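Reader: I've got the files open and I'd like to learn how to read them. Can you walk me through a few features?

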Amino acid sequence: MSLDVPSELEKEIDERVTHYPVSKRSAVLPVLHALQHHYGFINEEAVEWTAAKLDLEPIKVLEVVTFYPGFRQSAPGKFHIRVCRTLSCAMAGSYELMESLCDKAGIDRSGVTHHNPIAVSPDGKFSIEFAECLASCGTGPVCLVNDDFHEAVSDVDGLLSHYQ
Amino acid sequence: MSEEKNDLIDVQINGEWHSFPKGTRMIEACRQVGVEVPHYCYHPKLTSPGNCRMCLVEMGMPPRPRPGDDPPEPDETGHLPISWIPRPAIACANTIAPNMGIRTESEMTEECREGVMELLLANHPLDCPICDQAGECSLQEFSVEHGKGESRFREQKVKKPKNVDVGPRIRLDDERCIMCSRCIRFTDEIADDPVLGFTDRGSHTVLTVYPGRELANNYSLNTVDICPVGALTSNDFRFQMRVWFMKETKTIDVNCATGANITVFARENKIYRITPRQNNDVNSDWMPDSHRLNFHWIESDARLTDPLVRDGDKHRLATWQEAIATTADKLAGLDGSEIAVIASARMTNEELLMTSRLVKHLGAGHVDVVPREGENDGYLIAADRNPNTNGVMLVLGLENPGSQLEAIKDGIAQGRIKALLCLQENLVEDAGFGSELLSKLDFFLTSYPLANPTADIADVVLPGACWAEKTGTMVNVTGRLQRLNKAVDGPGQTLEAWEIIRDLIQATGGGNGIYSATDIFKQLAAEVPEFADLSWGQIGDLGIPLIETGETIPLLEREKERIEKGLIVG
Amino acid sequence: MSAIYKSGKEPHAKEHRIIFKNVDREGWDPSLSMYETEGGYDQLKKAIKMEPSAITDEVKKAGLRGRGGAGFPAGVKWGFLPPNNEKPVYLICNADESEPGTFKDRYIIHQDPHQLVEGMVISCFAVGANLAYIYIREEFPEGAQILEKAIAEAHEKGYLGKDILGSGFDLEIYVHRGAGAYICGEETGLIESLEGKRPYPRIKPPYFPAAMGLYLCPTIVNNVETLCHVKHILEAGGEEWSKIGTPNNTGTRILCVSGDVQKPGYFEVEVGKVTMGELINDMCGGLKEGRSLKAVIPGGSSAKVLRADEVFTVGRGDDARELTIWDIPMDFDTLAACGSMAGSGGVIVIDDSRSISWVLNNINNFYAHESCGQCTPCREGSLWMKKITDRVVAGKASPSDIDTLDSVARNIDGRTICAFGEAASWPTESFVEKFRDELVADTNPELEDDLLNAEALTAAANLG
C-alpha cells in the first residue's frame, strides 16, 4: 500500500523541503504536518511516504511521529478539539470545560489511555483530547478547534454550534 | 602544576594522581587505574549519548580566582587544589582536563548511583528468576553494589510489549529494556541496518522494530551481547542454560580467515553459546551471526566417533591401531609419486607441520588443500572462508593453495595417483571430486568430523576432531598468529588431526615423540622462519602480528575513522 | 509617537512598553507597510552599515539577558561563537513558548511579526548567519502563517534574501513548526528536532550550540523577546538601553500573570522596577474577592514556589535586607536570591482556595507527560512523582509517600542531561519543603503498611 498524494500537496511538500538545504531529514516535521493537514492523521503509509520522500529509514520517521502528541495516529473527528489541561487553565476550569464539551458533543472519554489520547464522538463530527499548555495562561480555559484558537471558553453550546 | 608533558595530563582519581593521554574519557582513565565506573549506555565502540546516568561521578577542577584574587598555589607535588563541583558529571562522555579531580567513592557519587539504580528498577519487571540475562546482567550486578536493598516503589509499573519477535534470531522484552540505546546505535552505526528505534516518549518509550521489518542482518546477535539487561535475548540460547553453570574457553572462530576472537560457553562437553571476544585488531567486539551459530553440527548424529575400515561394500568399526596399520600396509608398496595428500586450510599450523612431515616422509608427489572462496561482506567476513590459508602457505609451503587439485584429479583419472590421503576435508561435496573418480584409487583415506559422501567411498575413515575440540594456532587474513583452544572433548574415539598424522608417520616407519600441540609449536618455531623464536605463551589470548599481508578488515577500518573523529573511544 | 490602545487593553501606568508597544494598538496591523510607518527596518538599515562585532558589543553593553528562562546574557552567548570559525553559522529563534504560565510570544508574533523579523535579521548579521529558522510551537498555527507572510513581505522589500539592501549580506529565514513537545524549548532538544530527529537534548559538553549546534555547526538560539530587544538596543544604543531596568537586570521584560487574580494578563515592565505586590495588587487588580494569597510561582511552572508568608533574606553583608513576598522586585537576581527564579516571566498566583496537592499534581502531570524519556532519572522519576501525587490527591497515599516524593525529586535534580530535570523536580522539592504539612494532611497514615498493588511485591522483594 502506498499513499496517493495529490500533486498539489506534493508540490507544496517539495517546496517545504527546499527550506532545509543542509539536510532533507530536517523536513520530517513539515512533511508530516502537510500530510496530517490533508489526511487528518498520520498512518503507516504516510510514515513510509515521508521516509521515501526524505530518503530515510521508516523507523526514523516513526520515532518522530510517535514522540509528538501533535501527530495523530488515528482518525480524529471532523473538528478536533484540544483543551489545555495545564495549571493556569485547570485553575480556570479546563477540566470542567472538557467534561462539558464531552457531554454536549456526546463523546465518551472512558477509553482514553496514554497511547490512545483521542476520543471521537459517535457521529465522527467531534474529537477531543487534552493538550498541555497552549500558552495563553492569562485567558484560560482555552482550547484549539482544528486551527482555531478559543480563549476564556465559557459558552460551550456556542462553541460547538459554530462547528456544524 | 605538572601538566601536559608529552600530551599527558595529570588527573586525581580518588585522591591519587595519575597521568593519562590528553583526550582520554574520564571513565577510561578510571578503568586504566583499576577504578570501575558502573555504566549501562556507554560502549567504547559506539557513540556516547550519556543517557543512563549511572556513570555520574563527583568532579572537580582547580579553583578559578576572581579578578584581583591571587591564583591558587600548587602543592608539594606540583598540583593545584581541587574545587569540587556540586553537580555530578558523567564519566563516559567527558574527557579529562589538567588537574581534574574525580571521586568515584564519595558520598555524592554513591548517592547518584543509588538514585539511578532505584529509578532504573522502578519500572523494571524484576523477573530475574526466569530471565536469561541473570548472572550476567549489569542491572543485577550494580544493584548488588549500589542498590538500596528495598523498594519504595508502590505504583503500578508501566506496561509494555513482551516476547516480541524482532527478528529471526532475537526476541525483545520491552519491560526489561532500560532505554540505553546501545542496540539502536549498533544497528545504526555498525551494522548499517537501522530498523530499531524508540517510539512514544517519556516513561512510555519503547524499543521497537519497524512494523513489517526485521532485525535480521548478519550481525544482529551482537545486540544481544551488548544489551546490558535481558531485553534482547537470543532465540538460540534462550532458556537453554544458566550462564553461571558454563565453562568459558577463549578461542577463535574458524568460519573465515578473519579468525574472530570468541568465547565458547560449554557445560558437560556440550556447547551452548558462542560470543565474540574483544580484539581490536581482529573483530573489535563483534562477530557475524552466521559464524556464531555454526556450532550445533558439532553435536550432530552424523559425527564420526570411531575409525572405520572398508569391509566389502560396507565399513566396519575398527580400532585406531587397525585403521592406521591398514593404511601403512596399503601405502607400503607405493612410490611417492603415486601418493597424493589433500590437507585442509582449516587445520592448525601444528597440524599442517605434521602434514608437511608426512608428505616428506612418504615422498608424496602431490599435495594441496581445498580453497573456499566467498565474498568479503564489507564487515568482518573475509572472502577466504578458510581460517588458515596463510598457515598453509607458511607451514605447508604451498605457494598457491588449491592450484594442484585439478592435477590431482587428472592423476587419479589417469591412474598415476593410486593412493589419496584426505585430511579433514570433504572432497566430494567441497572440492568437486566425483565419487567415481575417487573409486579409481587403490587406496583412499579420509579423516573428517562428520560422515559424508566422501567417507562413503573411502577405504579408511578416521574421526577427526573439529575446531572446538582441538588446540593449535592459525594465521588470519591480516597475518596475525592466533591460538585455538580446546573447549570440549571430541566424541568417542575422535583424535585431533596432528595425532592422527603422527600415528601415520610412526606406522609408516617414521617417528618422533610428540605428545602435544605445544610441542609441535616449538618445532614450528625452530623450523619455520616466520615463527622463529616465538613461544606458545607469547601469543596470548589476543594473538600477535606474524606477517604482513596487506589485507585489512573493513569494519575495523571504519572504527579507526570514528576513533580519529573522536566519535568513539575504540 | 504616542500609541492609542484598544479600549480595555490599555497598558497599565507602571508599564514601560517597548516590545509590546504595538500589542493591542488601535488601528495597528501586522503588515510590513504598517510596520514601516513607524520606522520599521530603520535599525536594519543602520545595522548593515556597522561592523557585525560592533552590534554584538552593543548587545553586550546593554546587558541583555535571555528572556527564555535561564537569563543568560545574550551578548556573551554570541561571543561564544568560535573565533576563526569556517563553518556556517545558524541562528534559531526559539518560539516554542511552552513554559506553563508564559504567554508573551504569541502576541508579538500575531501582532508585531516584523519586529521579530527585523531583530532576527540584525542578529544574523551580527553573528554572521545566512540561514535562520523560527522554531514555532505547533499550537500556534496562525502565528506560523503570520510569520511566513511577514517573511515574504520582508523578502519582497529586500530586507531578506540575497544582498540585503545592497549590503552583500544574504539571509533566509524559514518558519519551522514543532509538534507539541515542551522539550523542544530546550535549545539542544530544539536543534535535534530541527534536524528531524527525536528531540533528545544533547550532552553538554561537548554539544554547546555556539560551537556544535545545528548540523554540528556554530548556532545561536535566542528567545523571541530577546531577539526583538536587539532592534531596540540598536535604536537606543546599548549604553542608553541598559539604563532601563536595574543594574545587571536591564531592559524591560514581559511578565505574564495567570491564576487567582482579578485581571490576569501581560505587563511589560522595567526589570526590577515593579514588585510582586504592585504586580498582583495594582496591575492585576488584586486577588479575587475574599481570598488571600497562598503561594506564587514566579517564573513559569518550573520555578520554585514562593509561600505567601515567607520572609526572604536577600543581599549580603551591609546590603542584606528582609523581604516579604509582596516586596520582591521582579528581577533575575532578587528572585534567585529568594530561592526561585525569574525564569520565563510567567507568574502563577495561587490563593487559599486551592489545594496544594492538586496544584502539584497538575504540575507533575505536565512534566511526566513532557519528559522526553532519554535519560533515566527524568524518564522514571517524573512519572513516579506524578503517580505519587495522583494518590495524594485521591486520598490513597500515606505520609511516608511525601518523603519518597521528595527524594525522587532530589534523585532527578542535577543528574539529567538537560535542565528539564530541574524543571521537573523543583516544583516537587519546593512544594514539599514549603507545604509539607498540607501535603501530609491529604494522606492517610493507615495506608502506611499497605501494599498498594501486587506488583510492588516483586519490587519489594528486590529480586534484582
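Predicted model: local features only at pLDDT ≥ 70, side-chain atom pairs only at ≥ 80, totals over all residues.

Reader: Which residues are buried in helix 3 of chain A?

Author: Helices (H or I, at least four residues) and strands (E, at least two) are DSSP runs, numbered from the N terminus. A residue is buried if 20 or more other C-beta atoms lie within 10 Å of its own, exposed if 12 or fewer, and partly exposed in between, with C-beta atoms placed from the backbone. In helix 3 (residues 44–53) of chain A, that picks out Ala46(A), Val47(A), Trp49(A), Thr50(A) and Lys53(A). They sit on the same side of helix 3 of chain A because they cover an arc of only 165 degrees around the axis, taking the directions from the helix axis to the C-beta atoms.

Reader: What do the buried residues of helix 3 of chain A pack against?

Author: Contact means that the C-beta atoms of two residues, placed from the backbone, lie within 7 Å. On that basis they pack against helix 1 (7–17), helix 2 (28–39) and helix 4 of chain A. After helix 3 of chain A comes Asp55(A), with a positive phi near 55 degrees.

Reader: How many residues does the contact take from chain A and from chain B?

Author: Chain A gives 10 residues and chain B gives 11 residues. Helix 4 (residues 58–67) of chain A brings the largest share of chain A's side, 7 residues.

Reader: Is Pro21(B) buried or partly exposed?

Author: Pro21(B) counts as partly exposed because it has 13 C-beta neighbours inside 10 Å. You'll find Pro21(B) in strand 2 (residues 16–21) of chain B. Leaving out residues up to four places away in sequence, Pro21(B) touches Asp7(B) and Leu8(B).

Reader: And how many residues does the contact take from chain B and chain C?

Author: That contact takes 41 residues from chain B and 34 residues from chain C. Helix 2 (107–122) and helix 3 (138–146) of chain B each supply at least two residues of chain B's side.

How values were computed: Residues numbered from 1 in each chain as written. Chains lettered and ligands numbered in written order.
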